[in-house]
Amino acid sequence: MMALSSLESCNAEVIEVENSLGAVRPAAEDYAEEAVQALRDGKVIALPTDTLYGFACDACSSEAVNRIYDIKGRKHTSPLAICVGDVSDIERFAVTDHLPSGLLDSLLPGPVTVILSRGALSVLEKSLNPGLDSIGVRVPDSNFIRAVSRGLGRAIALTSANLSGQPSSVCINDFQNLWQECAFVYDGGVLPSGRTGSTIVDLTRAGKYRILRPGSAKEETVAIIEKHSLVEDEAVSQ
């Protein structure tokens, strides 16, 4: 259940509220190094993106990744996305050379998760989403998480900050019952895009795209993709 049902509750000011297992901080770049160190130490943190609040950890730490699954009560068959600081980082983790020039820079940073093939040269740990040859990649239009990503220098594993099957979180009070599971909770206020999350688009096939989740930016995403001459993938049966 959501800790508080009304979005009005999100306006409560919660700055540096300590508890026995963690602390709430403002999502300000002054705190980015603290967040980076927590990730390096194998901890889970909660922080805002440009769509929803998320749980994040070092994607190279299998123990931390497992901790996220435990916190959410999520099945390990449900994959996690990764977050990187800049579009130029994506090619380290996924195959991008089949995409039209400028496509990723037009989509990102923004409220879009792009699904790409991992490829043989990906530096991602094979323990992340084992058995899958694709990966969801985000570059949120959010300064704090991008600063943390750049500081870590590796991919961040990222998923929504809520119990599996429960509504997503647009403010930290929405998941107050899970604060104690995190080393730090970074408060960026109420996020304005609603609870639909990012638009998820499969770009694994050359010249094709497929919208897997409409999310908050479907129309804009499709317009950008089709401007780059990709066509909707109709090979997958309904």
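**A helix and its surroundings**

Tutor: Happy to! Buried residues, meaning those under 20% relative accessible area with a 1.4 Å probe and protein chains only, make up 50% of the 238 residues in the protein. Please keep in mind that this is a predicted model, where local features need pLDDT of at least 70, side-chain atom pairs count only at pLDDT 80 or more, and totals for chains, interfaces and linings use all residues. Residues are numbered from 1 along each chain as its sequence is written, and side-chain values use heavy atoms, with hydrogens and water left out.

The secondary structure comes to five helices and 11 strands; these are DSSP runs numbered from the N terminus, with helices being H or I of at least four residues and strands E of at least two. Among contacts (heavy atoms within 4.5 Å) with a separation of 6 or more, 65% join residues 24 or more positions apart.

Now to helix α2, which spans residues 62-72 and has A64, V65, I68, Y69, I71 and K72 as its buried residues. Looking down the axis of α2, these buried residues fall within an arc of 165°, so they line one face of the helix; the arc is that of the directions from the helix axis to the C-beta atoms. On the other side of α2 sit E63 and D70, which are exposed, that is, over 50% relative accessible area. The cover over the buried residues of α2 includes strands β3 (53-58) and β7 (156-160). Just after the helix, G73 adopts a positive phi of about 65°.

Next, the packing. A nonpolar core here is a set of buried Ala, Val, Leu, Ile, Met, Phe, Trp, Tyr and Cys residues joined through side-chain atoms within 4.5 Å. The largest such core has 51 residues, of which F55, I82, I90, V114, L128, F175 and L203 touch the most other members. Elements that each supply at least two residues of this core include β3, α2, α3 (103-107) and β5 (112-117). The largest share, five residues, comes from α2. Not counting residues up to four places away in sequence, I82 touches several residues, among them F93, L124, L128, I156 and A157. There is also a second, separate core of 21 residues, which includes A35, V148, L158 and F184.

Rings of Phe, Tyr and Trp (its six-membered ring) pair if their centres lie within 6.5 Å; planes under 30 degrees apart count as stacked, over 60 as edge-to-face and the rest as tilted. By this rule the count comes to four aromatic pairs. In one of them, the rings of Y53 and F175 have centres 5.9 Å apart and planes at 45°, so the pair is tilted. Y53 lies in β3 and F175 in the loop between β7 and β8 (184-187), 122 residues apart. Y53 is buried at 0% relative accessibility, and F175 is buried at 1%. F55 and F175 have ring centres 6.0 Å apart and planes at 85°, so this pair is edge-to-face. With F55 in β3 and F175 in that loop, the pair ties together parts that are 120 residues apart in sequence. F55 is buried too, with a relative accessible area of 0%. Y53, F55 and F175 form one aromatic cluster.
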